[in-house]
Amino acid sequence: MRIEINTERLLARIEALGRIGALPGGGCKRLALSAEDAAGRALVSGWFRDLELDVYTDVIGNCWAIRPGQKDLPPLVMGSHIDTVATGGLYDGVLGVLGGLEVIESVIDAGIETDHPLAVAFFTNEEGARFAPDMMGSGVSQGALDLEEMLAKVGIDGVSVADALEEIGARGREPVGALAPCAYLELHIEQGPVLEAEGTEIGVVTGVQGISWTEFAIAGRSAHAGTTPMALRQDAGAVAAGIAMEARAIARDFGPPQVATVGRMRFAPDIVNVVPEEAVLTVDLRHTDEAVLQAAEARLVAAAEALAEAEGCTLSRRSLARFEPVSFDSGLVDEIEEGAKRLGLSHRRMPSGAGHDAQMFAPTCPAAMIFVPSQDGISHNIHEYTAPHDLANGVRLLAEVALARAGVVQPEGQTA
């Protein structure tokens, strides 16, 4: 059964949420559990209540709303996140939440009843921009991450997750595991250039590549930049630069789909004419194959240790996040592909290069994702954009698959 999606209503909500934490030139900044995140949570949960949905929040701050089904069955959950990176766009995560809300409101408008309840959810700290690791809320919800360990995590501003939850009133009463779906669907912008480059309308996501975040800390010795010969230096900055170059070499030598990124690097004392005595950097490695990802990690660590030893520096490291590659449910992936065919949407199967909440649900229930194009492949950027017709295509497909899974109740006297 098809329903009519109200694209204008969807766009109005995306724009309204985007005004919270708005940045000059476009985009927004709503770091997890910040004041801006609190305002975003209030706005979205208010929309949930406007539809008289049953609204719940768990102990890590995940929030979901349920439209009851006609049978006592677990819900079909649609969701994503509303927190952003510091230079976020309007669509990353938000589309999955507000697209799911649009599906439920359109179902209500059409007077359709379903066997399974329909639910829409947003999860705490998906981005990992303030607190590591990313996908924290969904990971706790599905048992992949320990609640107490995550509550104790301290963010980039020195505030713990537990304190931040209390500060904005986001810690709910529902226990870990309270959200137990029959299936999980996540609509998302691609955040890459493939769909747009091919002129393809839909990405049928087969899985998420593995992610490894490591922080390296190098301790050397401060010295005058002009009077200390190169051979007598213990330059922490030089070691950090070598690690960064090794990460790039790993991506080059291993080849696609291996990627490597140094996202943060800082020196101390951070003075132009002083040899750094301390350097800290992060390396993000990703691959679709666990064995290859482990090989990349091993090569990086060995190189970092050798570089530090050669420079007379000491090296320490810690894991910030580590998730193995995830394959989505083959049956649900097939359903998304068949739904795209029924709607006449061009499509391709593809893995996700970014992490998503869906990967946390994959071990506990059938889970899959739908991608729509990102203009110029831009995301985590104020210029992030997806055209309205692409947004609408994604929500239409989300509705098609969600209703098929939830089971539409046929009016009396009619058959499916």
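Residues are numbered from 1 along each chain as its sequence is written, and side-chain values use heavy atoms, leaving out hydrogens and water. Because the model is predicted, local features need pLDDT of at least 70 and side-chain atom pairs count only at pLDDT 80 or more, while totals for chains, interfaces and linings use all residues.

**View 1. Glu102 pairs up with Arg9.** Their salt bridge (a side-chain nitrogen of Lys or Arg within 4 Å of a carboxyl oxygen of Asp or Glu) has its closest N and O atoms 2.8 Å apart. It links distant parts of the chain: Glu102 sits in helix α3 and Arg9 in helix α1, 93 residues apart. Helices (H or I, at least four residues) and strands (E, at least two) are DSSP runs, numbered from the N terminus. Both partners are buried (under 20% relative accessible area; exposed is over 50%, partly exposed in between; 1.4 Å probe, protein chains only).

**View 2. Arg322 meets Glu290.** Here, too, the closest N and O atoms are 2.8 Å apart. Arg322 belongs to strand β13 and Glu290 to helix α9. Arg322 counts as partly exposed because its relative accessibility is 28%, whereas Glu290, at 18%, is buried.

**View 3. Arg405 reaches Asp329.** This salt bridge spans 4.0 Å, N to O. Arg405 lies in helix α12, and Asp329 is in the loop between β14 and α10.

**View 4. A network of salt bridges.** Arg9, Arg13, Glu102, Glu105 and Asp109 are linked together in this one. The structure holds 22 salt bridges.
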